[in-house]
Amino acid sequence: MVEPIRWGILATGGIASTFVEDLALLDDCRVTAVASRSAERAAAFAKKHDIPQAWESVQALAADDEVDIVYVATPHSHHYLPTLQLLEAGKHVLCEKAFAYNASQARTMFDVAREHQRFLMEAMWTRCNPAIREMRRAIKEGMIGEVVSVHGNFSFAAEMPPSHRLRNIELAGGALLDLGVYPITLAHLVLGKPDSIQAHSVMDSTGVDAQTALTLRYPNAIAQLSCSYRGGPANEVTISGTEGRIELREYAYRPSGYTLVRYDEAPREFEAPYVGHGYVHEALEVHRALRQGRLESTLVPPQSTIEVMEIMDEARAQIGLRYPGETHPK
């Protein structure tokens, strides 16, 4: 029997609840604590998920000796400082995306993790998804030839008040950081860092981007990506090469398979189902790293997180979106 990995949860929203449900599917971990700025919300979350300890501050969670790693599920605006506090207190951290306000903050977070010899990973579940991993292997094996283009979108339409985190500039809202991070991540996964970026947005009355389109230019490829909470195309991604293409349909950022179309051949369907809600696989990556004594993930390496943040930094500079209180650590 191995000792269970003890998780703490920071925040009590929907994604935190879903993540805890997926952790319950693993037999080598326990959720031992939850923290929220509201003692009532923390207590209710703890009761719902049968968690022994509820705290009402990051500091209390950081001081809890029964916690090995903390899942940070707060809004984007509340990733940077809590993550630093937890790392400095000796906790490992899995931090939701978008990882920080900007790449400068992301670099500092990873620097602090290395300084304190703690594990830190962006909770980019897409990179850990079984179908995405199989798709990436197929591309590396040359099944579609040289990649020449990526087309990706993540959009939906919903009525939301100005206070909603997606529309709230104080919470680092906007379509780009919340939704655009997915197609950007998939483009980066197969093409890497672009040579140039062009971004155009329709801004919300709250000051954040409600709809953004990006063109990423590479030496021999182009990625055309979009995101919106005003409605838009289907949430699909197509990765095209000189010899074929791969199609990720429906919810392309948590797929259960993909379609391979080699030119002049009939399409082939490949299945690679995810477990639970799909968060199991990023938790397994965390567990593998901790069991092996690694401080960085191989599926979600720090450099990929930083480079995706750099793409979004440049896009925000072009559309004129800066968040109140945004810091640029040296």
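User: Which exposed residues does the face of α2 turned away from its buried side carry?

Analyst: This is a predicted model, where local features need pLDDT of at least 70, side-chain atom pairs count only at pLDDT 80 or more, and totals for chains, interfaces and linings use all residues. Residues are numbered from 1 along each chain as its sequence is written, and side-chain values use heavy atoms, with hydrogens and water left out. Helices here are DSSP runs of H or I with at least four residues, and strands are runs of E with at least two, numbered from the N terminus. Exposed means over 50% relative accessible area, buried under 20%, partly exposed in between (1.4 Å probe, protein chains only); on that face of α2 the exposed residues are Glu40, Lys47 and Lys48.

User: What arc do the buried residues of α2 cover around the axis?

Analyst: Buried in α2 are Ala42, Phe45, Ala46 and His49. The arc is taken from the directions from the helix axis to the C-beta atoms. These residues lie on the same side of α2, because their arc is only 100°.

User: Are α1 and α2 roughly parallel or roughly antiparallel?

Analyst: Axes are lines fitted to C-alpha atoms, for helices over the stretch in contact, with angles from 0 to 180 degrees between N-to-C directions. α1 (residues 14-23) and α2 (residues 39-49) pack at about 25°, their axes 11 Å apart. Angles under 35 degrees count as roughly parallel, over 145 as roughly antiparallel, 65 to 115 as roughly perpendicular and the rest as oblique. The two helices, α1 and α2, are therefore roughly parallel.

User: Which residues is Gly142 in contact with, leaving aside neighbours within four places in sequence?

Analyst: Gly142 sits in the loop between α7 (130-140) and β7 (147-155). Contact means heavy atoms within 4.5 Å. With those neighbours left aside, the contacts of Gly142 are Glu243 and Arg262.
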